Amino acid sequence: MALVSEVTDESAGRLVSPVCSHNEWDPLEEIIVGRLDGSRIPPTHPVVTCNVPPWAARLQGLAGGFRYPRLLVERAQQELDGFVALLTSLGVTVRRPDAVDHGRRFGTPDWSSRGFCNSCPRDSMLVIGDEIIETPMAWPCRYFETHSYRPILKDYFRRGARWTSAPKPQLTDDLFVGGFRVPGPDEPMRYILTEFEPVFDAADFVRAGRDLFVTRSNVTNRMGIEWLRRHLGPGYRIHEIESRCRTPMHIDTTFVPLAPGKVLVNPDYVDVDRLPEVLRSWDVLIAPEPTPIRDPLLKVTSMCGRWLSMNVLMVDEKRVIAERHHTEMLRSLERWGFEPIPCDLLHYAPFGGSFHCATLDVRRRGTLESYVD
């Protein structure tokens, strides 16, 4: 009962939230980093396999729900440990989710599934100011993913943070287009999601103070975008970034704000001339061609496209953690006036991403401002 009174009496008004992050670049003070323990290859489902090549979908159909190969886990874990050590050396407080056995089966009255992993907190939670929003994700295997973060979320709430969960989706067949086929380069864009209910991954959004940018994707529908727009209210604006990617999923390899007035864009996915008008005064930085991945194991197992080179993490307006392998990106960041900090995380790709995906910046030192016209 003491914990309840702590947050319900008049003293609650004087609590200072440990959660406070308004954009992607203010000085980083606290962050959640994902975990690989208990990870499973995601079980096959149309919404999962629609974003991977046909051969990978067939492999997933055979191996989905099984443990990742030990070699993959060990390499990724070694790099993840180094990344956590780097953040700590930079004075950043690092929080970690609980370890979970994702091989356990769970379900609803409509379906059942095994889990995936909790490697990417960026997908399941969205930080807006002093609020953490649990997102309604479209992959059934990720339905209960935020449970591994509950000790952290409850701690933040008791200390003054706002904690919201978007409506849990039903994830019935009504949400997914039957017989979905990825559109060809000359065909109109289409998505596997219907507008049956709101769904979105937090990683389809990036923040620039009072303005958020989003890509509609195979895990985020218009209804999900509209839910967040209404939830945040008139103090925020949400702008859609058109993507030419035929298998869109997550904005952080497409459109990445790096600092006030500076955004990194993917030349394959973004038509600069069609960016939202509010960005007319911003410097648009064109991402260099990614350094090719030679490791045959990574070519077979990576869940991410070749533009994972853009998946960087800002420590502040100047310092940026970027993958050591992608030398052209490191040189470009330096040329644009940033201070790149090389780090290894190449083998995290089979588990869903890189530095931005693997983290959730909970507290950055700064205030809510508007950075666009």
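This is a predicted model: local features need pLDDT of at least 70, side-chain atom pairs count only at pLDDT 80 or more; totals for chains, interfaces and linings use all residues.
Student: How many of the residues count as buried, and what does the word require?

Tutor: A residue counts as buried when its relative accessible area is under 20%, and 55% of the 373 residues of the protein count as buried. The protein exposes about 16000 Å², of which carbon and sulfur atoms supply 52%. As for contacts with a separation of 6 or more, 73% of them come from residues 24 or more positions apart.

Student: Why is R122 called buried?

Tutor: The relative accessibility of R122 is 5%, and the limit for the term is under 20%, so R122 counts as buried. This residue is found in helix α5, which covers residues 121-124. Not counting residues up to four places away in sequence, R122 touches E24, A202, A203, R207, D252, L313, H356, C357, T359, L360 and D361.

Student: Which residues of the largest nonpolar core touch the most other members?

Tutor: The largest nonpolar core has 44 residues, and those that touch the most other members are V47, F83, L87, L193, L313 and I321. Strand β1, helix α2 (46-49), helix α4 and strand β16 (339-343) each supply at least two residues of this core, and α4 gives the most, with seven residues. Leaving aside neighbours within four places in sequence, F83 is in contact with L313, I321, C343, L345, F355 and T359. There is also a second, separate core of 35 residues, which includes C245, A259, V320 and W336.

Student: What makes β2 and β17 edge strands?

Tutor: The open sheet to which they belong has three strands in the order β2-β1-β17, with mixed pairing. Strands β2 (93-95) and β17 (359-364) each pair on one side only, and that is what the term edge strand refers to here. From one strand to the next, the twist averages 25 degrees.

Student: Why is strand β11 said to be largely enclosed by the rest of the structure?

Tutor: Strand β11 covers residues 255-259, and five of its five residues are buried, so the strand is largely enclosed by the rest of the structure.

Student: What makes β11 and β12 a hairpin, and which residue in the turn has a positive phi?

Tutor: Strand β11 and strand β12 (residues 262-265) run antiparallel and are joined by four bridges, and A259 stands opposite K262 in β12. There are two residues between the strands of this hairpin, and G261 in the turn has a positive phi of about 80 degrees. These strands belong to an open sheet of three in the order β11-β12-β13, with mixed pairing, where β11 and β13 (283-286) are the edge strands. Four bridges join β12 to β13, which run parallel, and the bridge partner of V263 in β13 is V284.

Student: Which residues have a positive phi although they are not glycine, and where do they lie?

Tutor: Most residues other than glycine have a negative phi. L171, however, has a positive phi of about 60 degrees, and L171 lies in the loop between β7 (162-165) and β8 (205-208). H250 has a positive phi of about 85 degrees, and its place is in the loop between β10 (237-240) and β11.

Student: Are L171 and H250 buried or exposed?

Tutor: L171 has a relative accessible area of 4%, which is under 20%, so L171 is buried. H250 has a relative accessible area of 9%, again under 20%, so H250 is buried.

Key. Residues are numbered from 1 along each chain as its sequence is written. Side-chain values use heavy atoms; hydrogens and water are left out. Two strands pair if DSSP finds at least two bridges between them. Axes are lines fitted to C-alpha atoms, for helices over the stretch in contact, and angles run from 0 to 180 degrees between N-to-C directions. Buried means under 20% relative accessible area, exposed over 50%, partly exposed in between (1.4 Å probe, protein chains only). Contact means heavy atoms within 4.5 Å. Accessible areas come from the Shrake-Rupley method with a 1.4 Å probe; for residues, only the protein chains shown count as cover. A nonpolar core is a set of buried Ala, Val, Leu, Ile, Met, Phe, Trp, Tyr and Cys residues joined through side-chain atoms within 4.5 Å.
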